[in-house]
Amino acid sequence: MNTTIPFEQAVTQHGATVLRVCRAVLGPGADAEDAWSETFVAALAAWPDLEPDTNVEAWLVRVARRKAIDVTRARARHAVPTDDVPDRPSTLGTSDGHDIDLWRAVAALPERQRLAVAYHYLGGLPHTETAELIGGRPDAVRRAAADGVRSLRRAFAAADAQEGASR
């Protein structure tokens with residue numbers, strides 16, 4: 001029985017991190033929010049059996065990873081209607097509601113870089129655990145994460161330079 005913290009407190013403490021990871025893996029929108037919800041439904045079911053010394057944040061990120069994979073597989077099996085107006089994405093887990101450009105830039109990264117950035121920088125997992133999740137060696141995952149962050153910095157530096165030139 002996990003007696004370290006109540007489940008509600010775990011949701012409050014780690015909910016934003018889990019949503020950021022889901023958004024980084026799935027993109028902003030309903031799919032990420034569904035994966036977030038499914039993560040905590042699954043976590044609630046497993047909570048009583050969780051070992052007391054478990055790193056709850058890392059455990060929740062791992063659960064979120066599996067839920068994101070489930071959503072990705074479901075996307076491949078089902079057509080997505082395009083006539084509907086999408087729901088407004090939640091701002092939970094972001095500094096403000098205007099980070100859509102950042103989420104799009106993260107989504108545009110190559111898959112390995114996107115996952116390395118999501119699990120390490122947004123999910124707080126060490127490179128060794130990230131390597132276990134996405135496969136490969138920790139040094140290769142560290143490089144993928146660094147390359148992803150470098151790409152994001154370049155994209156935003158170019159956008160800032162372009163915006164400054166248009167003023």
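Buried residues are those under 20% relative accessible area, exposed ones are over 50%, and partly exposed ones lie in between (1.4 Å probe, protein chains only). The legends below describe a predicted model, in which local features need pLDDT of at least 70 and side-chain atom pairs count only at pLDDT 80 or more, whereas totals for chains, interfaces and linings use all residues. Residues are numbered from 1 along each chain as its sequence is written, and side-chain values use heavy atoms, with hydrogens and water left out.

**Figure 1. Overall architecture of the protein.** The protein has seven helices and zero strands, giving the pattern α-α-α-α-α-α-α along the sequence. Helices (H or I, at least four residues) and strands (E, at least two) are DSSP runs, numbered from the N terminus. Of the 167 residues, 37% count as buried. Among contacts between residues at least 6 apart in sequence, 67% join residues at least 24 apart; contact means heavy atoms within 4.5 Å.

**Figure 2. Leu133 and its surroundings.** Leu133 belongs to helix H6 and, at 8% relative accessibility, counts as buried. Apart from neighbours within four places in sequence, Leu133 is in contact with Arg62, Arg65, Tyr119 and Leu125. The C-alpha atoms of Leu133 and Arg66 are separated by 9.6 Å, although these residues are 67 residues apart along the chain.

**Figure 3. The buried face of helix H6.** In H6 (residues 127-134), the buried residues are His127, Thr130, Ala131, Leu133 and Ile134. Viewed down the helix axis, the buried residues of H6 fall within an arc of 160°, so they line one face of the helix. The arc is that of the directions from the helix axis to the C-beta atoms. Just after H6, Gly135 adopts a positive phi of about 90°.

**Figure 4. Packing of helices H1 and H5.** Helix H1 (residues 7-26) packs with helix H5 (residues 111-122) at an angle of about 170°, and their axes are 9 Å apart. Axes are lines fitted to C-alpha atoms, for helices over the stretch in contact, and angles run from 0 to 180 degrees between N-to-C directions. H1 is therefore roughly antiparallel to H5 (under 35 degrees counts as roughly parallel, over 145 as roughly antiparallel, 65 to 115 as roughly perpendicular and the rest as oblique). Thr17, Arg20, Val21, Ala24 and Val25 of H1 make the contact with Arg114, Leu115, Ala118, Tyr119 and Leu122 of H5. By class, this contact has seven nonpolar, one polar and two charged residues. Ala, Val, Leu, Ile, Met, Phe, Trp, Tyr, Cys and Pro count as nonpolar, Asp, Glu, Lys and Arg as charged, and the others, Gly among them, as polar.

**Figure 5. Aromatic pairs around Trp47.** The structure holds four aromatic pairs. Rings of Phe, Tyr and Trp (its six-membered ring) pair if their centres lie within 6.5 Å; planes under 30 degrees apart count as stacked, over 60 as edge-to-face and the rest as tilted. The ring centres of Phe7 and Trp47 are 5.3 Å apart and the planes stand at 75°, so this pair is edge-to-face. Phe7 lies in helix H1 and Trp47 in the loop between helix H2 (30-46) and helix H3 (56-77), 40 residues apart. Trp47 also forms a tilted pair with Trp59, at 6.2 Å centre to centre and 50° between the planes. Trp59 lies in helix H3, 12 residues from Trp47, and both Trp47 and Trp59 are buried. Ring pairs link Phe7, Trp36, Phe40, Trp47 and Trp59 into a cluster.
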